[in-house]
Amino acid sequence: MALLETKNLTIQFGGHTAVDHVSFSLPEKEFKSVIGPNGAGKTTFFNLLSGELKPTEGEVYYKGKSLNKVSAVERTRRGIGRSFQITNVFPNLTVFENVRLAVQSKEKVRYPFWKSTRSYHGLAEKTHELLEQVLLDNKAHMIAAQLSHGEKRKLEIAMLLALDTEVLLLDEPTAGMSLEEVPAILNVIRSIKDQGDKTILLIEHKMDMILDLSDSIMVLFNGQLLADGTPEDIMQNETVQQAYLGGYEDGKSVRNA
Ligand SMILES: Nc1ncnc2c1ncn2[C@@H]1O[C@H](COP(=O)(O)OP(=O)(O)OP(=O)(O)O)[C@@H](O)[C@H]1O
């Protein structure tokens with residue numbers, strides 16, 4: 001069954017169509033990557049899925065129900081988690097305190113009628129588990145502001161995992177990382193995948209990472225869905241190759257490089 005789907009999802013900014021009639025389907029437990037050149041509409045597509053932006057046309061469905069009238073907060077509560085940039089982190093709190101707050105906030109959202117469903121120790125235990133999973137347990141007591149860029153991205157992932165959502169929308173987790181930091185984040189994402197309980201949509205530019213992780217790949221170009229298939233299909237797809245190498249116009253004509 002498709003967990004997350006879109007039908008003709010479209011958004012225009014002024015005269016520019018950033019996401020253009022995209023219909024896609026993400027089966028439960030699948031790992032799908034979203035690729036495409038800069039400005040293709042990948043982040044905007046995520047913003048439409050998570051509810052930060054409202055479509056001009058088309059629909060997002062989760063578990064068969066339309067989300068168009070559902071707020072971003074309610075989408076998270078229902079199970080669609082989006083990694084936010086580090087702006088959501090309290091820079092003057094420690095890594096541990098940041099993750100614990102995220103664990104706590106999830107408890108409040110999920111069980112608003114209970115004062116405390118987990119004891120203080122329960123929260124701390126869950127926090128340690130998450131820090132271990134993202135390989136940050138040795139930095140638990142560091143002030144968040146002092147983390148390296150790569151470590152901040154790991155913290156962001158831990159805070160996303162704390163929300164315990166079924167779907168994870170990961171927007172370029174390796175962006176701005178040094179080459180040495182990439183393998184660690186790849187390991188973190190692979191370990192999340194290997195646990196087997198998440199449905200994941202990943203925006204990335206690093207092809208080796210995409211090929212390593214993905215069950216399927218969708219390609220956006222000028223806001224349109226150019227192709228969607230297995231990694232093998234996508235690598236062999238001529239239109240995709242030409243779009244990357246040469247340029248693709250109005251979804252019809254292909255110009256050679
Ligand atoms: N809020 C906005 N207002 C106006 N234009 C926008 C807005 N958000 C995005 N755009 C435009 O929509 C297009 C798609 O942008 P988007 O950030 O989704 O691309 P992307 O594929 O994520 O690119 P990148 O790989 O560089 O992150 C771009 O032309 C961008 O300038």
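Hi everyone. Two strands count as paired when DSSP finds at least two bridges between them. Keep that in mind as we look at this predicted model.

Let's begin with one pair. Strand β7, residues 167-171, and strand β8, residues 199-203, run parallel and are joined by five bridges. So which residue in β8 is the bridge partner of Leu-168? That partner is Ile-200.

Now widen the view. β7 and β8 belong to an open sheet of six strands, in the order β6-β7-β8-β3-β9-β10, with mixed pairing. At the edges sit β6 (80-82) and β10 (224-229), each pairing on one side only. From one strand to the next, the twist averages 15°. Packed on this sheet is helix α1, residues 42-50, which touches β3, β6, β7, β8 and β9. The direction of α1 makes about 150° with that of β7.

Helix α1 brings us to the ligand. Of the elements around it, α1 gives the most to the shell, with three residues. The residues surrounding the ligand include Phe-13, Asn-38, Lys-42, Thr-43 and Thr-44. By class, that shell has three nonpolar, six polar and one charged residues.

Last stop: helix α5, residues 149-162. Is α5 largely enclosed or largely open? Twelve of its 14 residues are buried, so the rest of the structure largely encloses this helix. Among the buried ones are Glu-151, Lys-152, Leu-155 and Met-159. After α5 comes Asp-164, with a positive phi near 55°.

Methods: Residues numbered from 1 in each chain as written. Predicted model: local features only at pLDDT ≥ 70, side-chain atom pairs only at ≥ 80, totals over all residues. Helix = DSSP H or I, 4+ residues; strand = E, 2+ residues; numbered from the N terminus. Axes fitted to C-alpha atoms, helices over the stretch in contact; angles between N-to-C directions. Contact = placed C-beta atoms within 7 Å. Near = placed C-beta within 6 Å. Nonpolar A, V, L, I, M, F, W, Y, C, P; charged D, E, K, R; others polar. Buried ≥ 20, exposed ≤ 12 C-beta atoms within 10 Å, placed from the backbone.
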